[in-house]
Every structure is written in C-alpha cells, then in structure tokens.
Amino acid sequence: MLRVFCVSVLMLAAGLASLPASAASPNDVLAALQSEAEKSAPNFQGFSAARGEKFFKVKHGNEWSCTSCHTENPAATGKHAKTDKPIEPMAPSANAERFTNPKKIEKWFKRNCNDVLDRVCTVQEKGDVLSYLLAVKK
Amino acid sequence: MLKNCKKFPPVIAVAVLSFAVSISAAQADDDGDEDYRGAGRSESRGEGHSGKYGGEDRGKPLQPIQVNAKWKQECSTCHIAYSPGLLPAESWRKVMAGLDKHFGSDASLDVQEILEITAFLVDNASNRWHAPTAPLRITESTWFRSKHDSHEISPSVWKNPKVKSPANCAACHTQAESGSFREREIRMPK
C-alpha cells in the first residue's frame, strides 16, 4: 500500500519535471518552460512579454485578476485581496527570490490560475507571464 | 523523494495517536481566564449541558510552545497562522481535507505537507471542545461569538477598513500571530 502510494507520488513528480529540480534562476525557469512549449506545442512561436502583461492585467471570467493581489505594478509590494496580508513583489528585478524555487512556482501557478481562471495555465501562458515579469524594471 | 516516503508511517501514526489524545484530553473545564475581565458575564450566557459556551470552547493553551515549521510556513502566507487551539480536531481535519477550495481560494498542498500539518493541528486542537460540532470558521464558534458580541465590541469596530473581517485577528489582537490573545494586548485600530 505504502509502496503504491510512493510510486504514485514519484509519477506525479515526474509530470512536473519540466522545471529544474533544485535552485534555479528565473532565466533557467523560462528556458525550461520554452523547452516544454517546443515539445508540447508544434506551432509554438515563442513567448511574448506584451501578451503576458495583458494576461496579468485582465480578468478571466472570475472576480480576481493577477493584479487583484499583485497590483498593476509587479515591482511593488502587493497585498492579499481578502486578508490584506502583504505579498512581496513578483518582478525578479525587485525581489531576487522570485522564480528560483521550482516547487514553489508550480504550487502558486496551480493555486492562482485556479483562482483567476478556474483551470490550470498553459505553458504558453506561464512563459508569457514570466517574460513580462522579467521585463519589469524596478 | 524516496527518502521522504520513509517518513509517512510515523506521520500517520502521530495523526492517529493524536486523535486519541485529543479525545481523552477533552476533560478539563477550567477556564482560568484571569486576563479577561468580562468573562463572568458573557460566559454564563453560553453555558450549556456540555460545559462553557455550549461545549464550543477554545483550548488552553491556544498554541503549543513548540510549533511545527511546515504549519508556520504554509498557514501564514495569506493570513496569520491561526492557533490550533481555536478549533476542535474535527474542524482541522475538514479544513485540511478541503484546501483546494479554502474559503474561496485554492490553497492546495502536496500529500506529505497535508499529513504533517494535519497531525500538528489535530494534536494541538482545542482540549475544551465537548460539543459534537466542527465549524470551518473560527468566527462561527460559540466562544468566539460570545467574546465578540455587541456588548463587548461596538458594531462600528467591525466596519473599520483596518479590521475588514472578523477573521483579521491581528487588527486588534497585537500578538495574535504568536497565539496570544490577552486582554492587555488588545489595541482597537483608530
């Protein structure tokens, strides 16, 4: 029973293996997303910071957009839309810890995409958003 | 990953053991709230057959001296880490089983994190909760409503944007983050 459980956990981990396993730089993460996109989407045309910015700022059918918590300026400190708890800036230029922990990245894309879009985000959407966040100057 | 799998049996054992402990420990009915001046008046209203507040009483202590690091990390990202003693064990089991829809947000964790945090919460849940109830919201419990009724707190306080929600303990309880809710630590925001 335990073995079956452990094997299933390993299989789940393998499904997320497109991102680097340990500490990474935001550019490593972007490269891993690019590699995943090239493999999974035959018509992949590259990531776009402009598309990522639009995705970040508009609502997608739900009450919240990314900016509801992270504000219109990803280099600024945000606050949780419900609890007002501060959220450190999303842009790597303003917060060196952002997009350096693959497990944390997967965790928060899953949670936040579910809250904002009621679904998982595509590799294209994740890459676009990260391209945008990397382009934001402090 | 495999190394972590070896940790599962003890974690499950702790969860099962702590369940037993939380039942047997639910005996003491001594409030001893020397820090709470209005206690006598408001508590008599909540008195029921199964103890104070109709059996819906928070635990003592509210938070163990040694806290679980994973709990502290994961449960205080979006809000303060609510002390385990604020709710009974069954409430925490329900909360931890529904993290994908956590009060309107996706707060999902992986299986190992859920097991570890649930064990800590259950192990330190309220030891004075005798009622067969298990609310998801701390603010729905009889002890909470009794301590925060209109005799204790003016309705205008709840409308203050700095308070925003009754779930925002730290708006008035300055030491809420560390599990301390003493009367002398209360500062109503202006």
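1. On helix axes. An axis here is a line fitted to C-alpha atoms, over the stretch in contact in the case of helices, and angles between N-to-C directions run from 0 to 180 degrees. The model under discussion is a predicted one.

2. Helix packing in chain B. Helix 5 (residues 89-97) and helix 6 (residues 111-123) of chain B have axes that come within 9 Å and cross at roughly 160°. Angles over 145 degrees count as roughly antiparallel, so helix 5 of chain B is roughly antiparallel to helix 6 of chain B. The crossing of helix 5 and helix 6 of chain B is right-handed.

3. Residues at that contact. Helix 5 of chain B contributes B:A89, B:W92, B:R93 and B:M96, while helix 6 of chain B contributes B:I114, B:I117, B:T118, B:L121 and B:V122. Sorted by class, the contact between helix 5 and helix 6 of chain B comprises seven nonpolar residues, one polar residue and one charged residue.

4. Overall make-up of chain B. Chain B contains eight helices and zero strands, and its pattern along the sequence reads α-α-α-α-α-α-α-α. Of its 190 residues, 28% count as buried. Among contacts in chain B with a separation of 6 or more, 74% are between residues 24 or more positions apart.

5. Overall make-up of chain A. Chain A has six helices and two strands, arranged along the sequence as α-α-α-α-β-β-α-α. Buried residues account for 24% of the 138 residues in chain A. Of the contacts in chain A between residues at least 6 apart in sequence, 59% join residues at least 24 apart.

6. Nonpolar cores. Which residues have the most contacts inside the largest nonpolar core? They are A:V29, A:F56, A:V129, A:L130 and A:L133, in a core of 17 residues. Helix 2 (26-40), helix 3 (49-57), helix 5 and helix 6 of chain A each supply at least two residues of this core. Helix 6 of chain A gives the most, with six residues. Apart from this core lies another, of 14 residues, including B:Y82, B:L87, B:A89 and B:V95. B:A89 is also one of the residues through which helix 5 of chain B makes its contact with helix 6 of chain B.

7. The loop between helix 3 and helix 4 of chain B. B:P61 is found between helix 3 (39-45) and helix 4 (69-75) of chain B, and a cis peptide bond joins B:K60 and B:P61, with omega about 0°. B:Y53 lies in the loop between helix 3 and helix 4 of chain B. Although B:Y53 is not a glycine, its phi is positive, at about 55°.

8. A positive phi in chain A. A:D118, a residue other than glycine, has a positive phi near 60°. A:D118 is located in the loop between helix 5 (102-117) and helix 6 (123-135) of chain A.

9. Is B:Y53 buried or exposed? Since a residue is buried if 20 or more other C-beta atoms lie within 10 Å of its own, B:Y53, with 26 such neighbours inside 10 Å, counts as buried. The cut-off for exposed is 12 or fewer; A:D118 has 11 other C-beta atoms within 10 Å and is therefore exposed.

Methods
Residues numbered from 1 in each chain as written. Chains lettered and ligands numbered in written order. Predicted model: local features only at pLDDT ≥ 70, side-chain atom pairs only at ≥ 80, totals over all residues. Helix = DSSP H or I, 4+ residues; strand = E, 2+ residues; numbered from the N terminus. Contact = placed C-beta atoms within 7 Å. Parallel < 35°, antiparallel > 145°, perpendicular 65-115°, else oblique. Left-handed = near helix turned anticlockwise from the far one by under 90°. Nonpolar A, V, L, I, M, F, W, Y, C, P; charged D, E, K, R; others polar. Core = buried A, V, L, I, M, F, W, Y, C linked by C-beta atoms within 7 Å.
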